[in-house]
Every structure is written in structure tokens, then in C-alpha cells.
Amino acid sequence: MIKKDKRYIYTLAFFYSIVIVIVVSIPAFFYISVEKKSYLQMQKQQLAHYAYSVEKTIYDFSRTNEHIFNFPRSLLYDSFLYDDQGKLLFSTDVKEYRLEDFNKQAENIISKKIILNKNRLHAKYLVVIKHISYQEIYTKATIAALFLGAVVFFLTLFFIQISFRPLERVNRYLNTFFNDAMHELKTPLGVMQLNLEFLRQESPSKPLRRLFSSMQNMILIYDDIEYHLKHEHVEYRSEDIDVSHFLLERVEVFEDLAKAKNIIFTKKIGVNLHFRINRIELQRIIDNTLSNAVKYSKKNRHVIISLEKQNENLHMSVQDEGIGIQDTKQIFERYHREDTIQGGFGIGLSIVKHICDKYGIIINVVSSPKKGSTFSYTFPHKPS
């Protein structure tokens, strides 16, 4: 399975996990709200129980003759005693609170205020407080959500991989079939091309020229399919190429195709213009562009091929007088064909787009229906 397929599976599993966690988070929100209320109620009951125990201790002291009162202390609760004027008499907290402060409901503090009967401490009010936190509830909810997300992710990943196995097997068989088929076709295509070139030189004729043109189209399709099958597995290394010379060679190859439709190539190709790119990939750009220009042009028309230097960049363009393009945005999508009558597999321009993206080559297509199209390529200058 190729890396792109694995990325797709992991992305799909992650997406499903996120969706399920989001769906589950809706009832979880209400559960947390109920849990918080339950926790708060329980804390208030415990606080009240402790406050009443402190109150009892004060009354018990008042009924004795002891001179020292040992105020109950707790790590969980803080206690305050106030007189009838609201003046603080005693506190177990380093922070001082006014009596009226407890009339306001704080977010993280609960309190219990008791009005005391007459006692030896001369206290009128007993206030017991506790600092509370919902962090434990939030932590549990977060751990549960992460655990659920992880379980869903791995289960989804497991089932997706199982469901993809038959497709993966079929894909592997297809790749093997196409690779074997391409290998078997390469030799006879080469033999046919050599023999047709020899016959064309010995006795040039219109039927032979047509046969040779058809052969060139077959080779172009073969080269596109071969690149399409291999580009994700084969490293195409760059080299410094004389684009001027290379373009002239490819134009010469396509002149036979052009002659079959009486199309004239007008060449405006500057000399000694170089760019660092893989030779096979540059050929895919040029061949597909020239092939489309000839294929979609009407008979007895012109195709202008230019290569020049513009602001340190190389600029190549192929202008035809063909049928034009309805939607220039879709032509680079894989398997898209502007005209199904002309045939082809719809992968040529998608290959061109892939190669241009790889090397930072900017493509510009200008087209007018029934008037023609211009494909322009700007090869960026790269300092050596």
C-alpha cells in the first residue's frame, strides 16, 4: 500500500474519531453539569455537618469552667467568628473576610453561616467555608474523552484496513498487470517505430506518414501511462538541460503529426537557454502540450512555439488556432477530457500539472472557444 493510501486511511479514521467524540460530548456536557451539581450538593452537606460540629463545640465549652478554648481546626475547612457588630473575633484563615463578604456567592467557595446563641466567646456569627474545585470532574471527563477517541480511532482504523484489503489486493494485481503490459508493449512499439522510420525514408508516402503519426501518438500515450505508474516510486533526478535544443528536437518529432493535418509550426526559440529539470519530465511537459496543440487544431492552421528569457526566467508558450477550451480550470484534473471524440485517457495535462508543481513552474492558459488556446510556462530562475 503506498504512503498516500496510508495517509488517507489515517485521516479518515481520525475524522470519524473526532465526529464521534463531538457527538458524545453533547450528552457528556449535560452529564458534567449534573455531576457538578451533585458534587456541590454533597460538599454543602459535608460543610454543614462540620459547621454544626463546631457550633456544638462552642456550646460545650460555654457549659464548662475551662479557661482555654481549643478551636477545632481542619485541613479542608476554614472557620470565622464574628461579634454582633460584624467584627472579626477569630479566624483559621490567614486571609481576613468581612461578614458581608459571605453574602456574595463566590465561584470557588461555599460557606455556611450560623447565628449563635449566647456563649462565652461572645460570638454572634459562625461562618465555615471551603474552597472547592471541579478540576477532578474535568480531568475525568477529559481522560474519558481521550480514551473514547483513542478506542474509536483504532477500531475505525482496524475496520477500514480490513475493508481496504480486497481493494488493495485488486490494486496490486492491476499494477502488476499494467507494469507487465507496459513492459511487453515497449519492445514491439520500438520495433514498429524503427521499421516505419526506415520505410518512410526509403519510400515516403501519405499512408506511411499517417502510420508513423499514429505510431507517435501511441508512443506519447505509452510514455504518459509509464510516467503515471512510476512517478511515485521512481526518483527522477534533475540535470542541467539546454531547453532550446531539447525543445527543437521534440518539435521535429511532432512535425510529422502536424503535416498529416497540414499544420505549420512557427518556431521562435531562443538559443542556449538552460533549466535544471529531469529530462523525462521536461519531455512530458513539451510532448503533451505539442500533442494537444496538433490534436485540437483544425487543418491548414498555424501553431506558434516560442521560448525566450524574461526577467531571468524562461518563458515557453505554445499557441494554436484550434477549437479552444470551455473550462481552463478543469483541464488539469486527472481523467478529465475536454473533447471525448478526440480520444485519450485524460492524464496528460494532470501529469504536466504535477511536474510543474514539483519544479515551481507557473502555468498560464488563455483560451477562446473556436479561436484557439495558448499554453504558457514560466520556468523560475534558480541561482546556482
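These legends describe close-up views of a predicted protein model. Residues are numbered from 1 along each chain as its sequence is written, and side-chain values use heavy atoms, leaving out hydrogens and water. Local features need pLDDT of at least 70, and side-chain atom pairs count only at pLDDT 80 or more, while totals for chains, interfaces and linings use all residues.

**View 1. Confidence along the chain.** pLDDT is the predictor's confidence in each residue, from 0 to 100. Its mean is 83 for the protein. Strand β9 (residues 313-319) has the highest confidence, at 94. Helix α3 (residues 206-230) has the lowest, at a mean of 73. Helices (H or I, at least four residues) and strands (E, at least two) are DSSP runs, numbered from the N terminus.

**View 2. Asp 287 pairs with Arg 250 in a salt bridge.** A salt bridge puts a side-chain nitrogen of Lys or Arg within 4 Å of a carboxyl oxygen of Asp or Glu. Here the closest N and O atoms are 2.8 Å apart. The pair links distant parts of the chain, with Asp 287 in helix α5 (residues 279-295) and Arg 250 in helix α4 (residues 243-260). Both residues are buried. Buried means under 20% relative accessible area, exposed over 50%, partly exposed in between (1.4 Å probe, protein chains only).

**View 3. Glu 235 meets Arg 237 in a salt bridge.** The N to O distance is 3.8 Å. Glu 235 is exposed at 62% relative accessible area. Arg 237 is exposed too, at 60%.

**View 4. Lys 353 and Asp 357 form a salt bridge within helix α6 (residues 348-359).** They sit 4 residues apart, about one turn of the helix. Lys 353 is partly exposed at 31%, and Asp 357 is partly exposed at 48%.
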